[in-house]
Amino acid sequence: MAEETYTFDSFECAVQKLAPICPHCGCRIIGHDVEQDDIIYCCAHCAAEEGANALTDRAP
């Protein structure tokens, strides 16, 4: 990630170090998310609460 290598002994440690944090609710985003202007939100509700109105959904 960002040209750095990490070694973890558990998935939980990796999540704490690498998973982005929703700017609205503060939860770690470890699954599906939505984005606008390089800001990652955990869900459409949190994005809307922050005023995002042109979301990108990277799900296939």
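User: What is the mean pLDDT of the protein chain?
Analyst: This is a predicted model. The mean pLDDT is 90, and 93% of the residues reach 70 or more.

User: Where is confidence lowest, and where is it highest?
Analyst: Among the elements, confidence is lowest in β1, at a mean of 92. Strand β2, residues 39-41, is highest at 94.

User: OK, layout. How many helices and strands are there?
Analyst: The chain has two helices and two strands. From the N terminus on, the order is α-β-β-α.

User: What box do the C-alpha atoms fill?
Analyst: Roughly 40 × 20 × 20 Å, taken along the principal axes.

User: And what share of the residues is buried?
Analyst: Buried residues make up 23% of the 60 in the chain. The accessible surface comes to about 4500 Å², and 50% of that belongs to carbon and sulfur atoms.

User: Which residues make up the largest nonpolar core?
Analyst: Eight residues: C22, I29, V34, Y41, C42, C46, A47 and A52.

User: Let's take C22. What is C22 in contact with, leaving aside neighbours within four places in sequence?
Analyst: C22 is in contact with C27, I29, I40, Y41, C42 and C46.

User: Now V34. Where does V34 lie?
Analyst: V34 is in strand β1. Its relative accessibility is 9%, so V34 counts as buried.

User: How far apart are V34 and D57?
Analyst: They are 23 residues apart in sequence. In space, the distance is 5.0 Å, C-alpha to C-alpha.

User: What about Q36? Which strand is that in?
Analyst: Q36 is in strand β1, which covers residues 34-36.

User: Is Q36 buried or exposed?
Analyst: Buried. The cut-off is under 20% relative accessible area, and Q36 has 13% relative accessibility.

User: What lies 2.7 Å from a polar atom of the Q36 side chain?
Analyst: The backbone nitrogen of A54. A54 is also among the contacts of Q36 beyond four places in sequence, along with Y41, A52, N53 and L55.

User: Moving on to the loop between β1 and β2. What is phi of D37 there?
Analyst: Phi of D37 is near 50°, a positive value in a residue other than glycine. D37 lies in that loop. Most residues other than glycine have a negative phi.

User: And what about the phi of D38?
Analyst: D38 has a positive phi too, about 65°, and is not a glycine. D38 is found in the loop between β1 and β2 as well.

User: Are D37 and D38 buried or exposed?
Analyst: Exposed: D37 has 66% relative accessibility, and D38 has 74%.

User: Last topic, aromatics. How many aromatic pairs are there?
Analyst: The count comes to one. The rings of Y6 and F8 have their centres 5.9 Å apart and their planes at 20°.

User: Why does that pair count as stacked?
Analyst: Planes under 30 degrees apart count as stacked. The planes of Y6 and F8 are at 20°, so the pair is stacked.

User: How exposed are Y6 and F8?
Analyst: Y6 is partly exposed, with a relative accessible area of 31%. F8 counts as partly exposed, at 32% relative accessibility.

Methods:
Residues numbered from 1 in each chain as written. Predicted model: local features only at pLDDT ≥ 70, side-chain atom pairs only at ≥ 80, totals over all residues. Heavy atoms only, no water. Helix = DSSP H or I, 4+ residues; strand = E, 2+ residues; numbered from the N terminus. Buried < 20%, exposed > 50% of the residue type's maximum accessible area, 1.4 Å probe, protein only. Polar contact = N/O pair within 3.5 Å; in protein donor to acceptor, adjacent residues only side chain to side chain. Contact = heavy atoms within 4.5 Å. Areas by Shrake-Rupley, 256 points an atom, 1.4 Å probe, with all protein chains shown as cover. pLDDT = per-residue confidence, 0-100. Phe/Tyr/Trp six-rings, centres within 6.5 Å; stacked < 30°, edge-to-face > 60°. Core = buried A, V, L, I, M, F, W, Y, C linked by side-chain atoms within 4.5 Å.
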